[in-house]
Amino acid sequence: MGAVPIHWFLLLAAALFSIGAVGFLLRRNLLVLLMSIELMLNAVNLTLVAFNRVHVANHDGQIMSFFIIAIAAAEAAVGLAIVLAFFRLRKSVRSDEAHVLRN
Amino acid sequence: MLSQLTSQFPANDFTLLAAVLLLPLIGAFVCGIFGKRLGKEGVRLMALSAVFGSFIASVVTFIMVAAAPHTATKAARLSWKAWHWFDVTGRGRSVVPIDVSFSVDALSATMMLIVTGVGFLIHLYSTGYMAKDEGFYRFFAYLNLFIFSMLVLILGDNLLVLFVGWEGVGLCSYLLIGFWFDDEKKAAAGKKAFIANRIGDFGLLVAMAMLVYYAGTLSWDGLEAAQSAMAEQRTVWSASYLREFPDWLVWLRDLVTPEQPVRMMVATMVALALFIGCIGKSAQIPLFVWLPDAMAGPTPVSALIHAATMVTAGIYLVCRTSFIFALSPLAMAVVAGTGALTALFAASIAFAQTDLKKVLAYSTVSQLGFMFIGVGVGAFAAGFFHVITHAFFKGCLFLCAGSVIHAMHARVHDETASQDMRNMGGLRKYMPITHMTFLVSCLAIAGFPLTSGFWSKDELLFKAFTNTIVPLNPNIITPPLWYGQMIYAIGIVAAVGTAFYMFRAYFMTFHGDFRGWSIVAGFKPPAHDDHHDDDHADHDEPLEGPVPHESPRSMTVPLIILAFFAAIGGFVYAEPLHQVWPLEMFVSLEHFWSPVFATASKFVTTRPGSEAMMWPLLGVGAGVSLFGIGAAYWVYIVQKGEPAKAFVARAGGLHRLVLDKWRIDELYDATILGLIDAMGDIAAQCDRWIVDGIIAKLTSGVVKVTGHALRLLHTGRVQVYAASMVVGTAVIGWYVFTPHAEATIDARRVRPQGQVRFEAAAGHGYRYRWHIDGETVPDIFSGRRNFSMQLERCEQKTAVLTIKNAFDREAVTTYTQCRESKPGCCKPTDTPAPKKEALLGRVDGGVR
């Protein structure tokens, strides 16, 4: 197991993060946006635990990733609630229709 | 007994004054804070006992001052320094200490007796007069506070402590005039008094500043000793003051520049500035307008503050600083002249007034004028004696007026109607004590022979006739010789007027038939033109209602005591009598006060032959008063007011003018107040068009335009914000990823010593390597950022900075420096450094 070098983990995390970021920027479906956010958060989690493999004596990375998982759960709950409320209001889940504050 | 007291209270630490001062203050505090809970009985007990205790302490003080050792020129002074207040910087950076200290001498001891004694009687009277008032406790708190402030004014050992008292009495006056503040007119009268006094206080402040500068002290002893500084001539206006004029205003400068520098004696400037303060406080021309309006306050207040004590503070101040005034014949002439004009002018207004309190108010202004005649001609003792007799008879007159108004209130609850003499008449039947005391005081103020007013008024008019002020040297401006006689003549005319209008008031109020039967609530006085119609109500049927009645004992006892002193009080001074019968045991007040005025008296002489003038002028004085009284009797009793009506019919315009107080208030409204209103309007327009119009609009405009520009960036689409976040993160990441080799150069010492210093800019994870171009390159990167390079004359070297960042990326910058000891000895190089680099520059390095 220890044979896998850290570069692979980091590259995978970077790929996941980029997919999440590009998805967030380009898609218009709010549910997809939420999923993109989850993807980016998990990419970060992966980075953290990967570094923790290198620095075995230090558990900061694992602890941090637990925090992020907890926050991601909360964020998903709130985010879904907002999406639901928005859908009830507009009968749509498209992000470019959420511009009430602008006008 | 006395020796025990003297050892208890030594002359230089006379703590008895603390008792005199603090008792009324405690009274004011208790009545003001707890008065509502204490109830009327408690407040009465507290206020009366505080003032009475203060009076007892004053009596003891008076006896001790009289017994204290003094000489003919040096007055006995008992002083008490409470604490050191602060220091001010005087001329030449000298330190002038200002203490909170109090002292008492013959003059202030006498005044103190008057303030606490008459003050107590008026407090006693007020317990009856104000018995039904809602603000009973508030009234006595103010009244006690007034007594305290007045005592501070009298006992202050320097001008600043006096000023504290001066402002204190002004405040109490304001509070008490506007005591019934829910009446707009009364509140306005309070404000008027306060503002008129502020104008005077300005003069007093200026005087204080000049004294600190020229004399370097404010204490009475110090000022008296600083005579040489007072007598200096100072340039007050010369061409050299106007050097800084812009060219286009030169014509103005030439217009106002004097040929010779204008020089003035310090004493004249100080005395005139002090006198401005006195004009305000003692209601002289041109600031007298506030005093008649001040009658809006409760009548005991008019008696205590606006007749007996506070308004005489101006005369007290002139007496206190007599050594300054006497130095300047010009200032003395101004004082006497103002006094004489005011005496005559106010008397003329009193002729036509129908409001009893207004007559007394103008009479007070007029009597204050008499006092200023006295002190202005150098008869300080006589002038001040008039303060004392005036406190008795005018206090009594006002209290009688209050008693009459009290009685009239039984029939009518209208303020104006109950004070109008046209509604009175025949009151002697209903209120015998008030009638008798009013008559006695009227005789005193009219100067009926042997009453107190006779002695004081004649003494000061006699002195006006005979005294001249001797200038210190012939250069000093002095008034002409006939000036004194002119003052005397004006004074005599005013004295006739006084006797006439006072007895007019007396006859209208107490004689004839009672005209008040017809007045009921809502009574409106008839129009001005027929106001002399004395008996217009005579034939009306009496209406049902209560009858005027004598006042309760708490009000009549003070009347009797004051009338007693008004009748016989003059004998303690009565200079002519003392010359006839020089009684050992009965020392004249003038003799008692003479050490206080010793310094000033050196400048006062009497013209030759004045001794012989004493008895004839005494006769003139007696004749004047008898003539005035007789004329009033003839007009208002024998002829039943017919001549007055005939006069009004013939000269209606003049009568209306006098009735409207010569329309002085209207004059001030049109001129000074108009000017101030106009300035206010201009300021309001400036506010509207410049502040609100330009400045405010400009600011809001800038904000608006910026807001419009920034709003364009906010699309409201969440992905645009996310994109800008990504771009920002990328830019910051790139900046962190690339290394930046930058250094500051300190080349200040390159020319003298050939040393150049560098300091590389810090960055995250940076390591540095410095070397000189052409030398061997050390292969070590370290955290050391500083580097220095030594140059020979005309030598040129290049320093190379290499840095490595956390990602092991390198950047290099070179700095070329030359030591140019001779001009042109530095060759231009192929890589010329920009000029700014030579001193303190930065060059960004590229990535190798």
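Before counting who lines what, I note the term: a helix here is a DSSP run of H or I with at least four residues, numbered from the N terminus. I also keep in mind that this is a predicted model.

**Entry 1: cavities.** I searched the whole structure and got six cavities of 30 Å³ or more. The largest cavity holds about 70 Å³ of space. Which helix gives the most to the lining of the largest cavity? I found that α20(B) does, with five residues. I then checked which elements supply at least two residues each, and got α20 (452–466), α21 (482–510) and α26 (610–638) of chain B. The lining residues I wrote down include B:Gly453, B:Phe454, B:Lys457, B:Asp458 and B:Leu461. Also among them are B:Ile492, B:Ala495, B:Gly621, B:Val624 and B:Ser625. By class I get six nonpolar, four polar and two charged residues for this lining.

**Entry 2: domains.** Domain 1 covers 1–157, and domain 2 comes in pieces, 158–241 + 251–522 + 545–659. Domain 3 is 664–737 and domain 4 is 743–818. I took the centres of domain 1 of chain B and domain 3 of chain B over C-alpha atoms, and they are 57 Å apart.

**Entry 3: largest pocket.** This one comes out at about 1400 Å³. It has 41 lining residues, and the closest to its centre are B:Lys192, B:Asp293, B:Lys358, B:Lys661 and B:Asp665. How many of the lining residues are charged? I count 18 charged, with 18 nonpolar and five polar beside them. For the elements, I noted α6 (184–214), α11 (290–293), α16 (356–376), α18 (415–419) and α29 (664–711) of chain B, each with at least two residues in the lining. The largest share is from α6(B), at nine residues. Domain 2 and domain 3 of chain B each put at least three residues into this lining.

**Entry 4: second largest pocket.** I get about 700 Å³ of space here. Of its 24 lining residues, B:Phe62, B:Leu113, B:Phe565, B:Val572 and B:Leu589 are the closest to the centre. Two or more residues each come from α2 (16–67), α3, α17, α22 (553–568) and α24 (589–593) of chain B. I see α3(B) giving the most, seven residues.

**Entry 5: α3 against α17.** Both helices turned up in the lining of the second largest pocket, and I checked how they pack. Helix α3 (residues 106–129) and helix α17 (residues 380–409) of chain B meet at an angle of about 5°, with axes 11 Å apart. Angles under 35 degrees count as roughly parallel, so I logged α3(B) as roughly parallel to α17(B). On the α3(B) side, the contact residues include B:Leu107, B:Met111, B:Ile114, B:Val118, B:Ile122 and B:Tyr125. On the α17(B) side, they include B:Phe384, B:Val387, B:Ile388, B:Ala391, B:Phe392 and B:Leu399.

Terms used: Residues are numbered from 1 along each chain as its sequence is written. Chains are lettered from A and ligands numbered from 1 in the order in which they are written. This is a predicted model: local features need pLDDT of at least 70, side-chain atom pairs count only at pLDDT 80 or more; totals for chains, interfaces and linings use all residues. Side-chain values use heavy atoms; hydrogens and water are left out. Domain bounds come from an automatic or database domain assignment. Axes are lines fitted to C-alpha atoms, for helices over the stretch in contact, and angles run from 0 to 180 degrees between N-to-C directions. Angles under 35 degrees count as roughly parallel, over 145 as roughly antiparallel, 65 to 115 as roughly perpendicular and the rest as oblique. Contact means heavy atoms within 4.5 Å. On a 1 Å grid over the protein atoms alone, a cavity is a set of points where a 1.4 Å probe fits but cannot get out, and a pocket is an open set with protein on both sides within 12 Å along at least five of seven lines; lining residues have an atom within 4 Å of a point. Grid points are joined across faces, edges and corners, and a volume is the space filled by probe spheres set on the points. Ala, Val, Leu, Ile, Met, Phe, Trp, Tyr, Cys and Pro count as nonpolar, Asp, Glu, Lys and Arg as charged, and the others, Gly among them, as polar.
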